[in-house]
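Please take a moment to look over the sequence and the three-dimensional model before reading on. The text below is meant for someone who meets this structure for the first time.

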Amino acid sequence: MALRKLVRHASSISNLYFPSTPLSLSFSNRFSSSSTSSSSTSPFVANNSDSETPISSISIDRSSLYNPPGHSHQPHSDSELSKHLKGIIKFRGGPISVGEYMSQVLTNPKSGYYINRDVFGAQGDFITSPEVSQMFGEMVGVWVMCLWEQMGQPQRLNLVELGPGRGTLMADLLRGVSKFKNVVESLNIHLVECSPALQKIQHQKLKCVDEENAAQDTDKRTLSFLVGSQIPVSWHATMEQVPSGLPTIIIGHEFFDALPVHQFQKVSRGWCEKMVDVAEDSSFRFVLSPQPTPATLYLLKRCKWAAPEEIAELNQIEVCPQAMELTETIANRISSDGGGALIIDYGFNEVISDSLQAIRKHKFVDLLDDPGSADLSAYVDFPSIRHSAEEASGEVSVHGPITQSQFLGSLGINYRIEALLQNCTEEQAESLRTGYWRLVGDGEAPFWEGPDECVPIGMGTRYKVMAIVNKKQGVPIPFQ
């Protein structure tokens, strides 16, 4: 099935889906930017065992962070997560890595940021592309159909989404492919989600029904009736738990940016890992490890993949061991079962320096302030993903990254918005144009007539797209 045929079909669809609750577009996206900026330095403490001159402080550029007025680091009533983190540090008799801190903040089973709340959309802390417009999920659906065609139209297919959020992307994807019965009937949907709260929202979004199996010794079966056909849906805590043996297409949208990163700082004695400790006043503070840490192995691997001159120019480096390991898992699965993976996230095609950020209510806040109340994320290191996949298996090929604007444009989003604009109210048209700009634009929207603080900021070049596919299937659209 040619891409042109799919695009023509997508542009001919006249139905326009709007959520029952109108989406406010007066907030920044997850790659939040603010007109307010400040510079500060972050204290580091290092026990320099091989130098007579101790390092008392290292200047860190925080100019991109938004510091709310009146913020104070004075001791206050600790949250349960803060007490838990301090308990870990006390029990171990020393600091924990930034990676472990990030992991606890986001996914602690009792108080993690993602575990017990809906953090997406205007009422949450950030907005993602699927929440901006239905067109995003529809275009990802076009990509899935094209890859399904290149795979030989398998009768059964595992469609996996990593970190589905509210389930919006998957819902829009299914609506977009609903006319293609052979595709729909082949699907087995697998959602990799650790949050019970978000699992319930995804269950509702996909109009799922739980059915008891006749055999008493088997688990209940869940089916989605969103597009009429009965599509099996399963939830898993990790990618490793997704059943193997079937051709598989994996979607990771804004998933890799939430995986814990380890940060390293260059000092006179070499690279030291940044750690989180408890200060005398009981507040959290950053320190540097006096000795090599387990994550140093991943730092060495990342430096091996980069040019020496690139590393020489950096004073800080972020590495993401979980991203490397997850990519290896994905590459091995695609190698053995066939299929591909689509990774969409904000990041760079280079070594990442100091990108870890905390966002609460669409504003940047201090990383160590009230753990668990803000989203932590870091830029994605796309070359690291490429090298991890290529080293894991010689049977896969890696393509991209290209910009989100290039990806969506090549798949026909321009035709899709033209079709939608012919069948909508003026209010819906304004929402469509704003959403379109945020998905493919760069910088501030030129057509905006509302308040300056509410101007839509385009994600088109900030977000990148990469594909990993089985070599037998050729080069995926639109990476030719």
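This is a predicted model: local features need pLDDT of at least 70, side-chain atom pairs count only at pLDDT 80 or more; totals for chains, interfaces and linings use all residues.

Strands of a sheet pair through backbone hydrogen bonds, either parallel or antiparallel. Strand E9 pairs in the antiparallel sense with strand E8, residues 262–267, over four bridges, and in this pairing Val 267 stands opposite Gly 270 of E9. E8 and E9 together form a hairpin, with two residues between them. Strand E9 is also joined by five bridges to strand E10, residues 284–288, and these two run antiparallel, with Lys 274 standing opposite Leu 288 in E10. E9 and E10 likewise make a hairpin, here with five residues between the strands, and in it Ser 282 takes a positive phi near 75°.

Attention may now pass from strands to helices. Helix H9, residues 296–305, packs against helix H11 at an angle of about 70°, and the axes of the two helices are 10 Å apart. Angles of 65 to 115 degrees count as roughly perpendicular, and H9 and H11 are therefore roughly perpendicular to each other. On the side of H9 the contact is made by Tyr 298, Lys 301, Arg 302 and Trp 305, while H11 contributes Pro 321, Met 324, Glu 325 and Glu 328. Sorted by class, the residues of this contact are four nonpolar and four charged, with no polar residue.

Helix H11, which spans residues 321–337, also takes part in the lining of the second largest pocket, where helix H3 (98–107), helix H4 (129–132), helix H6 (168–177) and H11 each supply at least two residues. The volume of the second largest pocket is about 740 Å³. Its lining holds 33 residues, of which Thr 107, Val 192, Cys 194, Phe 255 and Leu 259 lie nearest the centre of the pocket. This lining divides into 16 nonpolar, nine polar and eight charged residues.

What does a search of the whole structure find in the way of cavities of 30 Å³ or more? Such a search finds four of them, and the largest cavity has a volume of about 160 Å³. The largest cavity is lined by 16 residues, and those closest to its centre are Cys 320, Ala 323, Tyr 379, Val 380 and Asp 381.

Some details of the backbone complete the tour. Most residues other than glycine have a negative phi, and most peptide bonds are trans. Glu 254, although not a glycine, has a positive phi of about 50°, and Glu 254 is found in the loop between strand E7 (248–253) and strand E8. Gly 400 and Pro 401 are joined by a cis peptide bond, with omega about 10°, and Pro 401 lies in strand E17, residues 396–403. The peptide bond from Ile 477 to Pro 478 is cis as well, with omega near 0°, and Pro 478 has its place in the segment after strand E20 (463–470).

Terms used: Residues are numbered from 1 along each chain as its sequence is written. Side-chain values use heavy atoms; hydrogens and water are left out. On a 1 Å grid over the protein atoms alone, a cavity is a set of points where a 1.4 Å probe fits but cannot get out, and a pocket is an open set with protein on both sides within 12 Å along at least five of seven lines; lining residues have an atom within 4 Å of a point. Grid points are joined across faces, edges and corners, and a volume is the space filled by probe spheres set on the points. Ala, Val, Leu, Ile, Met, Phe, Trp, Tyr, Cys and Pro count as nonpolar, Asp, Glu, Lys and Arg as charged, and the others, Gly among them, as polar. Axes are lines fitted to C-alpha atoms, for helices over the stretch in contact, and angles run from 0 to 180 degrees between N-to-C directions. Angles under 35 degrees count as roughly parallel, over 145 as roughly antiparallel, 65 to 115 as roughly perpendicular and the rest as oblique. Contact means heavy atoms within 4.5 Å. Two strands pair if DSSP finds at least two bridges between them.
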